[in-house]
Every structure is written in structure tokens, then in C-alpha cells.
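Morning, everyone. Let me put the model on the screen, and then we'll go through helices, core and sheet.

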Amino acid sequence: MAAPTLQQPSFLLANLKADSTTKPLLQRCQDLVKIIDDYPAKELHLIFPWLVESVFGSLDGIISGWNLRLLHSRNHEYNIVMDFLNPSGPMMKLVYKLQAEEYKYEIPVNYLPGPVKACIQEGVLPDCPLFHNKLHFPLSGVLTLNLALNPFEYFMFSFASCLITPKSFPQGQHGSSTDSAYFVLVDTYLKYFLPSEGSVPPSPFSDSRGSVTAPSPRSSSVSFAGYGVHSPSLLKHHIFHQPSVNADPAAQEIWRTETLLQMFVEVWLHHYSLEMYQKLQSPQVKEPFSPTEEHVLVVRLLVKHLHAFSNSLKPEQLSSSPSAHSHAHTSPLEEFKRVVVQRFVQQKLYLFLQHCFGHWPLDASFRAVLETWLSYIQPWRYTGEKTNPQPDQNRTVPDKWEAFVQENLLMFTKLFQVFLNRAVRTDLVNAKNALMVFRVAKVFAQPNLAEMIQKGEQLFLEPEHVLHHRQPRGYLTPSQGGSYLSSRQRVVTDMVFKVKSHVYALEGQDCQYKQMFGTELRGAVMKLIQIIAQARQTAKRISDHSSEVAANNSFLSWFGMSSSDPINTFSGAEPEESGECLKKTHEFLDRALENLCQIFKLNQGQLTQLISNLGSSQDDGNCKQLPDCVQGENGLILTDLGRRQIISGLRRFDIHYQGDPELQPIRSYENALLVRLFYRISSLVNERFGGHMNALCSRPDFLGRLGRRYLADPESAVKLKQSPVSRRALERNRQPRLSLRPLASYKTLLLLLLFYMLGALLAFGPVSSTLLLLTGGLLYGLVVTLFGDKLKTH
């Protein structure tokens, strides 16, 4: 909403609102282009908040806007939207036109990210200087605090918030595609305002007074030197102060870049503070914000572009010390590239990823989070260098990235530990989950990377007194009378300081650091290796069983002849757990084992012995054992060990239908009409004569045994212990009953048809054939009842 001013109602705004419900999008955009060109800023100022809301939707999600997250290139409106919102398009031209007049627009503090909102409400200045000096206190009181943003900030805040604002999408549609208009616009804005080559193009708008004004140029004395997380921000010196028309062109080059990046980082990543994350470790605390898969994919796009942007720094500037740079020799954009990742992104992305690792569901959608993490810790993939492609195992990490590894140590070590905790709780028989374990092991197995991480850990574990003797930065070079030894000590001390500062800034001064290559984590890795070995065997067993079932099935399965128990034909396996996917699972897990051995330098002989012992202890008999359970009042109850056995695929319950057999779903080999008809008939008979049937089957004599042969399920007693189902339900299903459902099977109908055809050939009528069939069935029951026990003993 715009800052409240005593102005006349805008007839232009009223007309645009009326047109928004009657005119098609193409005509509305054409009208807006003319309006932006022809109308003065004073009139455009009144329509700007409404226009931004109608495009991106309202901050409360009630107004959906143009649904950029659902708009794809196959939609006829896609090109219209992209042209209108292009960085050089009409909408941005409007932004620059209003920016020149120093208009302000308000957003309620309630719509800011949680930590920022909490700081402002507590009267504390937020860490991000983007929100400094912008609080507006309305007449209604402190409870309705607003932030006054300039047009560019207001536009980018609304655009960034569009991603995380809950919206009610049409049924069956959800935004998660990387070819949506929103995703493409994010990529376009990043490439335009954070260019890897050249500088940010100047504003397309200019008036008689000159170019669009920036918030305030950076003084030539303000430097980007230093990587400290809590160092003064680049914008802290010039927020909310408009410059003169003769502003430094270099400042105009950088202010939009800084504003866009900080707005994206704050809105997309800054939902967790260190204190808030520590509170989230308690299961009683409700999550303040849960990112979606689409949100994470956009964050990954941001990470990849920032690496490419930072890596585009010229080699001669990269190799020089920060103090050697001056405003006269290096542009602000080049200085910005030097520290953009460490200063603006690292801390917030670390907490964001750590939250996702700990709270994301244990399913394949975690792949988006995983790839975001792997993209961040591999900046060497985004250097733009066109070299001969090599397999990742043979691609050595260059030594120049050692500083990045050390200054991002927790991104490698702590998140790897959290991933281990996820991996041991994940079903690795699923090919998608096995692929994720393989991806992580493959990345960390790159030559030279493990050594860099170990060196970073050694620097962090240096005694504290090293910092106390830290000398000033103003050293003499050997040619100026200094010594090589003192220079070497300064470098090591500086590295120790940076690593410790990084860890304490992200985890707090009282953090208990666990070494990635320490004894405790090595034990966790061995546990993961054991689970991987178990999953490999389970995948092989399921694959072999599937092959046997496929070989045994024939065209007679249409008649139900391929399985004596149709319920067991459902294996419980997902599509990802069958056929080619199981072969992929085995391949992924094999390669993951090789990479883990390479990373942690595990003895191949010990690993082989561990896997062979595991294989010998899990013979076929063991595989058929039930998961670990305890006997409860109503049946079997799974223990924690039993749950882990099921998750890892070591043991499972035999899948039996243990409800009312008459209410099972109608099978493909059954006639649906006959199933329903026979169910009604048998239900009437069982309801009317249930007491008599129960009395008959309760008799201990021959008649009781004969009644149990025809009216009770002899298998129910055996199935009683096969699943932790309620005993009451099982006892209820074991009541004597008449079941006519087998007569609805096409197999039974075919046999009856053949029998009656044979009777007709032998001159038997339908009645005679029916009596003969019933007599044969009765005689079979008598024989089985009389001699069944003797036959079982033999």
C-alpha cells in the first residue's frame, strides 16, 4: 500500500480496476504500456501498489495475481507476461520513473521474515541494513508498524514474497516446475542485475534531470575488504538518503544489485535465526516456516548463479589482497563479487539447509534440498571454464578452493553429519533414496576435497592461545625487512582466525564441534555402510522374487490359477522398487560403498568381511522371520528395532487380508455382479442361521468337525500371529459362516460349465448334474473329515 497522502481519488486507478475484470491480459498490458509512457509520475504513483498486487498477488495470499508460478511457456499468455515484466520492460520502466521522484510505499512488518519481524517488534535493529531507517509509525499505534520502501525495493519485495506466500491454486495444480514464468523471471533478474560479464545496464528511463537516482553512492572510503559475517554491511552507510543528480555512476551500478540480492536472501532464506533453530530442537516447538520443493528449487537457482557471479571475478583481482584494491582501480561490482557469498548468503543458507535436513519428509522430494547443498559446496562447478569433461572421481578439486572450504567448514562437515542421520532412517531399497546417498558420497570422494576438510578441522582445533598472539595485519614483506617466517605465521594465524570466526558465527560461542573424520562419525559411517549392505541384499532378494513370480505366471492367471492366495499377489512394493529400478538401486549402493571407503580410507578387507558376515547371518530362514515385536493386549506391537528392520527391508510381515473375507475388493478374475449377489444371499443365511451354525461347529463329534469343514476358515488360526492386528477383529472373522463368493470366480464358473457340458454329453440333465455335484462335494467332505488327521500325520 502506498504511504497515506491527502490526494484526490485516482480516476485512472478506478478505470484500471474496472478493465481488469473485463479486458483480456494482452489488451490490459498494451493499455498499461501507453499509460506508463504518457502519464506523469504523480498519477502513476497512485496506481503502482495496486498494479504490483494485481501482478504478484497480495501478501496475505487472498489475491492470486497473474499466477506466475503456474504460468508455463505453452500458455498463450506466457510471452505477454515475460515481455511486460522483463528487466528492461514496461513494469521496470515504471519502477525507475517513480524511483526518480523519491516516492515511498509501505508494507506491514507482519509480512517480514520471522527473525526480522521479531527484531523490529522488540525494538532491536535487524542485521540486514536493507530495513534500517525505514520504520513508519502510523497514528494507530505501534502494533501496526510499517516499512517505507522505495519503488525498486517495494517491487522486489513483492516479487520475492510471491514465492513463499501461501496461495489457493486450482485443484490438481501446484507450482514446482523449473519452466514456470516465475522461475524464468528469477533467472532473468539474476543475470541482469548480477551479471557475470560486464556491468548492470543503465536504467532505460531518463528525464530532463538525468538518470534515475540511487539511494546514495558508496563513499570511496567504504571497502568490501574482509569476510567477517558480522562486518558492517555495504548499505549501512547510505540507506534512506537520496543523492544528488550527479551521483557517482559506480554507485548507480551497484545499488540495484545489492538491493535485489539482499531482498531475495531475506525473503527466501532468513526464516530461522540461531536462537530460533536451537529452540526448534525441542519437539514441542511448532515450526515457524516450512519451505516447499518449489521454494528450494528457486534457492538452488540463486546459489548456482551467485557462484557463477562470484567466480567471474578477474584472476588478477582475485589473487591480489583486498587491501591492495582501491576505488580507482576496481569497480564496486568487482568488489561485490569478492564477498557476495560469504557475507550475504552463507549464514542464512546454513540455517535454512539445516532446518530442511532436520524437518523434511523422508522421501524422494528431499532431492531438491540435497542438490541445493551440493551446489553450494561445489563452487568449482560454476567457473565457466570450458575444459575437457572428466568423471567426477577423477576431477581433482583445485588448491585455490582451499580457502572456500575452510571458510565454509560447517557447510561440509555439520551438514554431512545431519545427512548421515537422515540416511540411516531412509528406505535405501528405493532407487531414488539410494541415488541421493550415492550423490553425496560421489561429491565428497572428489580427490583433494577430504584433505581440505581435514586441514580446515585442524585449523579450528588449534589452541585458543594462537588467537591471543595474533599479530596486526601490517606486516613487512621480506624485501622490506620482514622475515618469511613471520609472514608464514601470519598466514596460518589468519586462517585459524577465519575458520574459528566462521564456526562460532554459525553455531555460537558454546558450540561442541564434532569432527567429520573423528571416531564418533566414523562409527556412524560404518553403521550407514551396514545399512547399505542390508539394502543391497534386500533389493537383490526382492528382484529375485519378482523374477520368480513373473516366470511362474501364465495366461491362466486371468482365471486365478497362478496363486493359491490372491491376497499375496500384492507384494507391497512401489513402482520404484521393481524391475530396472532395483538394478539401479544395487548399482547406486555399490558405488556409494566404494566412495565412502575412499573418503574415510576404510580397509577394503574389513569392509568385505563385514558384508560377508552380514550376508551369512541373513539366510532365507532369517529373512522370513517377523519384525521384532512384543505381545500386547490386542496382539503384536512393533518395537523400535522392529520398525528399523522394516524400514531397512530386513524383515516384513506377510501381507494377508485380515478383515472380513467377504468384503475384500472385487478381483479382476471375479464377476462383480455375482460377488454382490452371493454376498447378499450369504449374509441373509448367516444372519438367520448364525446361531445354529455356531452350535454345530462347537460340537466335538463328527458332525461338528464336518460343520467346521464347510462353515469355518481352517487357515485363520495360522494367520493369527502373522500381523499385529487386533485380536478382537480376528476372533470376529473366525465365526462360522457360509461363503458363496468362490462361486463368483471365473475359474469356478469355467469348471462348472465344463462339468455341465460333460453331464450333457453323458445324458444328464441340469438337475441331475447339480445333485451329482452336491453329492460329490458331500462325499469329499466326509472323506477329508474322517481321514484328514491321519493323512496329515503321514
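Axes here are lines fitted to C-alpha atoms, for helices over the stretch in contact, and angles run from 0 to 180 degrees between N-to-C directions. Helices (H or I, at least four residues) and strands (E, at least two) are DSSP runs, numbered from the N terminus. This is a predicted model: local features need pLDDT of at least 70, side-chain atom pairs count only at pLDDT 80 or more, and totals for chains, interfaces and linings use all residues. Residues are numbered from 1 along each chain as its sequence is written, and side-chain values use heavy atoms, with hydrogens and water left out.

Start with helix 16 (residues 409–423) and helix 18 (residues 449–460). Their axes come within 10 Å and cross at roughly 100 degrees. So the two helices are roughly perpendicular (65 to 115 degrees). Helix 16 brings L409, F412 and T413 to the contact (heavy atoms within 4.5 Å). Helix 18 brings L449, I453, G456, E457 and F460.

Now the core. A nonpolar core is a set of buried (under 20% relative accessible area, 1.4 Å probe, protein chains only) Ala, Val, Leu, Ile, Met, Phe, Trp, Tyr and Cys residues joined through side-chain atoms within 4.5 Å. The largest one has 171 residues; F193, W268, W373 and F444 touch the most other members. Helix 13 (residues 332–359) gives the largest share, 13 residues. Beyond four places in sequence, W268 has contacts including Y182, H295 and F352.

Strands pair if DSSP finds at least two bridges between them. L135 has L147 of strand 3 as its bridge partner.

Terms used: Parallel < 35°, antiparallel > 145°, perpendicular 65-115°, else oblique. Buried < 20%, exposed > 50% of the residue type's maximum accessible area, 1.4 Å probe, protein only.
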